[in-house]
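Hi,

Here is the structure I promised to pass on.

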Amino acid sequence: MTKGNQRHAQVLSQEAMDFLRVRAGGMYVDCTLGLAGHAEGIARLLGAQGRLIGFDRDPEALELARQRLDRVCEELGSQAPQVTLVGEAFSSIAEVVQPASVDGLLADFGVSSLQLDEARRGFSFQADGPLDMRMDTRSGPTAAQVVNEASERELADLIYEYGEERRSRRIARAIVRGRPVATTGQLARIVASAASPMKQERIHPATRTFQALRIYVNRELDEIRALLEAAPKLLKPSARLVVIGFHSLEDRIAKDSLREGARQGIWEILTRKPVTAGEEEMERNPRSRSAKLRAGERQ
Ligand SMILES: C[S@@+](CC[C@H](N)C(=O)[O-])C[C@H]1O[C@@H](n2cnc3c(N)ncnc32)[C@H](O)[C@@H]1O
């Protein structure tokens, strides 16, 4: 999928398709369309009787996904499935999708490379842009508002909780001293000056702080919890849930939710250990290195 020169290679593509076990005529939900790489894979297997519902709360991503899926459906002609796209958070899934109607549900959490690579979206410390970080650009506080308005204590807590950053207090103090903070570059410099790289640390010193702000601004963990709570009611018996997480906080929620569901007889866990990318994919797509896929079958 390209927009200008941008490309987002979907991760664990084949593995996601295999676990979803897409069958013609079925009804599937892609909760995180992004640039619709996974969604295209599903759409091509559905046939004319099939249905795909896709969510993305980022209006730009939704529009690009729409264009891609329109092209795919045009190519498929009479074999094109029915496609419905929803520009809302996936936590609202139960308002859109009927109970016990879904054969497979996919969620590929986090940000897309389109969001990361666009400096003006303010997600990345590698490209200087306004400190925004909202996926849904229609509402909610920006990262700049959080950084400039939260107390030092609140900043330290959220950087610790959502970034798993041990140097959170030092970083929060430096941010408060450096206010007002308007750009990603400015924030990255403040964090780097407060938190010199730890021994053996291979990531940029601002990585965890940026992750924390992004999760906080987009309420990402609450969204995931809401989705995993709604999923069992929406899936038919024997239907499949496939989730892909990129950091330990996302993966832990998925793991715990599936385990608890298995204990209650809701899920059969299909992935005893999370599925990760093979060497070839990691080489081709560095983003896949931290991806972990988990899947369950509705009992
Ligand atoms: C990792 S990308 C998905 C990539 C996609 N699987 C593909 O093949 O291109 C995640 C996408 O999900 C969207 N997203 C993240 N959290 C969301 C939420 N709670 N509700 C709706 N969309 C969300 C983001 O805006 C982003 O476009």
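A quick definition before the surface numbers: accessible areas come from the Shrake-Rupley method with a 1.4 Å probe, and for residues only the protein chains shown count as cover. On that basis the chain exposes about 14,000 Å², with carbon and sulfur atoms supplying 46% of it.

Some housekeeping. This is a predicted model, so local features need pLDDT of at least 70 and side-chain atom pairs count only at pLDDT 80 or more, while totals for chains, interfaces and linings use all residues. Residues are numbered from 1 along each chain as its sequence is written, and side-chain values use heavy atoms, leaving out hydrogens and water.

Of the 299 residues, 55% count as buried, meaning under 20% relative accessible area with a 1.4 Å probe, protein chains only (exposed is over 50%, partly exposed in between).

Now the inside. A nonpolar core here is a set of buried Ala, Val, Leu, Ile, Met, Phe, Trp, Tyr and Cys residues joined through side-chain atoms within 4.5 Å. The largest has 63 residues, and Val29, Ile93, Leu105, Leu187 and Leu241 touch the most other members. Helix α11 (residues 220-234) gives the largest share of this core, seven residues. Apart from it lies another core of 29 residues, including Leu52 and Phe246.

Leu187 is worth a click: beyond neighbours within four places in sequence, its contacts (heavy atoms within 4.5 Å) are Leu131, Val147, Ile175, Val181, Phe210 and Leu213. Leu131 sits in the loop between α5 (113-117) and α6 (143-149), yet counts as buried at 3% relative accessibility. Its C-alpha is 5.1 Å from that of Thr184, 53 residues apart along the chain.

Phe210 and Leu213 are among the buried residues of α10. That helix (residues 207-217) is mostly covered, with eight of its eleven residues buried. The cover includes α6, α7 (152-163), α8 (168-178), α9 (184-194), α11 and α12 (248-263). After α10 comes Arg219, with a positive phi near 45°.

Cheers

Note on methods:
Helices (H or I, at least four residues) and strands (E, at least two) are DSSP runs, numbered from the N terminus.
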